[in-house]
Amino acid sequence: PSAPGLPEQPYHAFLAGAMGGYIVWGRYSGVNYQLILYLTSRILVGCIQLAAKKGIPPFSWKGLAFTKTYPWAAAGIWGTVMMLFEE
């Protein structure tokens, strides 16, 4: 058994979060939608950081450091935002 307060298996935490998310946040509202959008972006960033930490290319390449890629990510994201705004 694991220590008190820690999940026995990683999927236990996922299942608990999924059930809680469905029950508490599952009803659509503008606030809930904004929260889901924010969490989606945090998950994406977290997955990229985890891939870099584990040495998975291309995320672990030294030439793709945060300080070098951030301006390009900002440009791509804002360019997409403006393009979708015009649609």
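The chain contains 3 helices and 0 strands, where helices (H or I, at least four residues) and strands (E, at least two) are DSSP runs numbered from the N terminus. The model is a predicted one, in which local features need pLDDT of at least 70 and side-chain atom pairs count only at pLDDT 80 or more, while totals for chains, interfaces and linings use all residues. Residues are numbered from 1 along each chain as its sequence is written, and side-chain values rest on heavy atoms, with hydrogens and water left out.

Read from the N terminus, the order of elements is α-α-α. The C-alpha trace extends over about 45 × 40 × 15 Å along its principal axes. The radius of gyration of the chain is 18 Å, whereas a compact globule of 87 residues would have a value near 12 Å; this quantity is taken over C-alpha atoms, and the globule rule is 2.2 Å times the number of residues to the power 0.38. Of the 87 residues, 2% count as buried, with buried meaning under 20% relative accessible area, exposed over 50%, and partly exposed in between (1.4 Å probe, protein chains only). The chain exposes about 8,000 Å², of which carbon and sulfur atoms supply 72%; accessible areas come from the Shrake-Rupley method with a 1.4 Å probe, and for residues only the protein chains shown count as cover.

The largest pocket holds about 830 Å³ of space. A pocket is defined on a 1 Å grid over the protein atoms alone as an open set of points with protein on both sides within 12 Å along at least five of seven lines, the points being places where a 1.4 Å probe fits; lining residues have an atom within 4 Å of a point. Grid points are joined across faces, edges and corners, and a volume is the space filled by probe spheres set on the points. The lining of the largest pocket comprises 20 residues, and those closest to its centre are Val45, Ile48, Phe66, Tyr70 and Ala73. Helix H2 (30–53) and helix H3 (66–86) are the elements that give two or more residues to this lining, and H3 gives the most, with 7 residues. By class, the lining has 15 nonpolar, 4 polar and 1 charged residues; Ala, Val, Leu, Ile, Met, Phe, Trp, Tyr, Cys and Pro count as nonpolar, Asp, Glu, Lys and Arg as charged, and the others, Gly among them, as polar.

The whole structure has 2 aromatic pairs. Rings of Phe, Tyr and Trp (its six-membered ring) pair if their centres lie within 6.5 Å; planes under 30 degrees apart count as stacked, over 60 as edge-to-face and the rest as tilted. The pair of Tyr28 and Tyr33 is tilted because the ring centres are 5.9 Å apart and the planes stand at 55°. Tyr28 is exposed at 64% relative accessible area, while Tyr33 is partly exposed at 42%. Phe66 and Tyr70 form a tilted pair, 5.5 Å centre to centre with 45° between the planes. Both of these residues lie in helix H3, 4 residues apart, about one turn of the helix. Phe66 is exposed at 62%, and Tyr70 is partly exposed at 48%.

The loop between H2 and H3 contains Pro58. A cis peptide bond joins Pro57 and Pro58, with omega about 0°; most peptide bonds are trans. Pro57 lies 13 residues from Tyr70 in sequence and 18 Å from Tyr70 in space, C-alpha to C-alpha. In helix H2 one finds Leu44, which is exposed at 54% relative accessibility. The C-alpha atoms of Leu44 and His12 are separated by 21 Å, with the two residues 32 apart along the chain.
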